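Welcome! Take a look at the sequence and the model first, and then read on.

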Amino acid sequence: MALLTLQPAIPFLLLLLLPAASAGLPGGRTLVFILAGQSNMSGRGGATNGTWDGIVPPECAPSDRIVRLSPALRWEEAREPLHAGVDVGNVLGVGPGMPFAHAVLASEGAAAEPPVVVGLVPCAQGGTPIANWSRGTELYERMVTRARAAVAECSGRGHLAALLWYQGEADTMRRQDAELYQRRMETLVRDVRCDLGRPDLLVIQYNGKFLGVVREAQKAVKLPNVKYVDAMGLPIASDHTHLTTEAQVQLGNKLAESYLETL
């Protein structure tokens, strides 16, 4: 596939980390990760020309130790496109969730006992500004509902490990939205932590007319246990907005590195 070494549509990520809980699915503990934000979180790798090319890199292959929460709120084998049935109305492709999960599992080692399972909770929706994720909105309530259901489906052995947030593109078009980003982000983090009963979290963002303002706003979030991951320089597709499949794999690895540094 053609890769353009242009500025990525989303230059940085914020990883919202949550405190440790109990663990998992039958056979071992389950690390649960919420995936929220816009299109580059739900995945457009290989899908920017109206259809998905169907290419699944080895780093995104299905695994019996990687599951996703389905639209019906049940754990099932995770596979690309990970946000199928969740990010509705959009052409979906490869995202950062699967390579992130593989990298986390690799850190555990193949002989980990009990075996660790990574549970991914897709919640992202393309084209949405952060205002659409405020408490009381459909997207916010869906995210909280899915997160609660994911933990409940772990038979008392689930650990809500982190919220991975990749969003910001829709807030770079108007200066007013860009300037309000820090306050809205901090409010979102506080509300999610309160509603899930957990005290920590990380985030992700892209570019646009007021990219610099939003980027600095994300970096300026002043809350404990909020990590910033810079995605600047990752290759983007010919639409100049979405990350390529290769870039999504790199992004997933960056997120995993940031998460693992906290352990």
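Where is Gln125 found? Gln125 lies in the loop that sits between strand 5 (117–122) and helix 3 (138–152). Please keep in mind as you explore that this is a predicted model.

**The protein as a whole**
- The protein has 6 helices and 8 strands.
- Starting at the N terminus, the order of the elements is β-β-α-β-β-α-β-α-β-α-β-α-β-α.
- Of the 263 residues in the protein, 57% are buried.
- Among contacts with a separation of 6 or more, 82% join residues 24 or more positions apart.
- The accessible surface is about 10,100 Å², and carbon and sulfur atoms account for 53% of that surface.

**A closer look at Gln125**
- Gln125 counts as buried because its relative accessibility is 12%, and buried means under 20%.
- Beyond its neighbours within four places in sequence, Gln125 is in contact with several residues, including Gly37, Gln38, Ser39, Trp133, Leu139 and Arg142.
- Val86, Asp87, Val88 and Asn90 are also among the contacts of Gln125.

**Following helix 4**
- Helix 4 covers residues 175–196, which is 22 residues.
- From first C-alpha to last, helix 4 reaches 32 Å, close to the 32 Å expected at 1.5 Å a residue.
- A kink of about 50° in helix 4 is centred on Tyr181, and Tyr181 is one of the buried residues of this helix.
- Other buried residues of helix 4 include Asp177, Met185, Glu186, Arg193 and Leu196.
- After helix 4 comes Gly197, with a positive phi near 70°.

Notes
Residues are numbered from 1 along each chain as its sequence is written. This is a predicted model: local features need pLDDT of at least 70, side-chain atom pairs count only at pLDDT 80 or more; totals for chains, interfaces and linings use all residues. Side-chain values use heavy atoms; hydrogens and water are left out. Helices (H or I, at least four residues) and strands (E, at least two) are DSSP runs, numbered from the N terminus. Buried means under 20% relative accessible area, exposed over 50%, partly exposed in between (1.4 Å probe, protein chains only). Contact means heavy atoms within 4.5 Å. Accessible areas come from the Shrake-Rupley method with a 1.4 Å probe; for residues, only the protein chains shown count as cover. The expected span of a helix is 1.5 Å times one less than its number of residues. The bend at a residue is the angle between axes fitted to the seven residues ending there and the seven starting there.
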